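Please keep the sequence and the model in view while reading.

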Amino acid sequence: MASFTGTSSPSSSAATDNTVQYHKTSIGLALESALVELVEARSISPDLMAHVMNNFSSVIVQRLSQVKHKAEIQGESKDYRNIKDCWTIQLRNCGVTIDKSETIKVDKMTVFTSK
């Protein structure tokens, strides 16, 4: 099995084309679910829901560009694929090190990257 070592640092180029990718994160899905409930209860309009989701993406991109920490991920690659310039890499027996401090061991991890 191949080994994967990567680093992650924020990139402003991600802000240009791929802001919708953050909708599929745990927090993005939770926000969307809550907004759908509010639309169904007629507490907010579908237009407001769309505005909030678009604003969410912009804020996430802005905040990630301000991150000053560096993370290193090491692990064995289980599976990987590239769809529309977005890589999905599934790892096992992983270690995550933030700012060269203590390594946190993780059994499984899925990494998404895009240009």
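## Helices, hairpin and loops

Helix H2 is followed by Arg-42, whose phi is positive, near 60 degrees. The model is predicted: local features require a pLDDT of at least 70, side-chain atom pairs count only at pLDDT 80 or more, and totals for chains, interfaces and linings use all residues. Residues are numbered from 1 along each chain as its sequence is written, and side-chain values use heavy atoms, with hydrogens and water left out.

**The chain as a whole**

The protein chain contains 3 helices and 4 strands. Helices (H or I, at least four residues) and strands (E, at least two) are DSSP runs, numbered from the N terminus. Along the sequence they follow the pattern β-α-α-α-β-β-β. Of the 115 residues in the protein chain, 21% are buried. Here, buried means under 20% relative accessible area, exposed means over 50%, and partly exposed lies in between (1.4 Å probe, protein chains only). The accessible surface of the protein chain comes to about 8,400 Å², and 53% of this surface belongs to carbon and sulfur atoms. Such areas come from the Shrake-Rupley method with a 1.4 Å probe; for residues, only the protein chains shown count as cover. Among contacts (heavy atoms within 4.5 Å) between residues at least 6 apart in sequence, 49% join residues at least 24 apart.

The spans of two helices, from first C-alpha to last, can be set beside their expected values. The expected span is 1.5 Å times one less than the number of residues.

| Helix | Number of residues | Span | Expected span |
|---|---|---|---|
| H2 | 15 residues | 21 Å | 21 Å |
| H3 | 19 residues | 27 Å | 27 Å |

Helix H3 covers residues 46–64. Which residues of H3 are buried? They are Met-49, Met-53, Phe-56, Ser-57 and Val-61. Seen down the axis of H3, these buried residues fall within an arc of 120 degrees, so they line one face of the helix. The arc is that of the directions from the helix axis to the C-beta atoms. As a general point, an α-helix has 3.6 residues a turn, so residues three or four places apart point the same way. On the other side of H3, Asp-47, His-51 and Arg-63 are exposed.

Arg-42 lies in the loop between H2 (26–40) and H3. The phi of Arg-42 is positive although this residue is not a glycine. Arg-42 counts as exposed because its relative accessibility is 77%.

Strand E2 (residues 71–83) and strand E3 (residues 86–98) run antiparallel and are joined by 11 bridges. Two strands pair if DSSP finds at least two bridges between them. Ser-77 has Leu-91 in E3 as its bridge partner, and Glu-76 has Arg-92 in E3. The hairpin has 2 residues between the strands, and Lys-84 takes a positive phi near 55 degrees there.

Ile-73 lies in strand E2. With a relative accessible area of 16%, Ile-73 is buried. Ile-73 and Val-111 are 38 residues apart along the chain, and their C-alpha atoms are separated by 9.3 Å.

Leaving aside neighbours within four places in sequence, Thr-97 is in contact with Lys-70, Ala-71, Glu-72, Glu-102 and Thr-103. With Thr-103, Thr-97 makes a polar contact between side chains, at 2.7 Å. A polar contact is a pair of N or O atoms within 3.5 Å; within protein, one must be able to donate a hydrogen and the other to accept it, and residues adjacent in sequence count only if both atoms are side-chain atoms.

Glu-102 lies in the loop between E3 and E4. Glu-102 is exposed, with a relative accessible area of 68%. Not counting residues up to four places away in sequence, Glu-102 touches Val-96 and Thr-97.

Lys-100 also has its place in the loop between E3 and strand E4 (103–114). Phi of Lys-100 is near 55 degrees, a positive value in a residue other than glycine. Lys-100 counts as exposed, at 71% relative accessibility.
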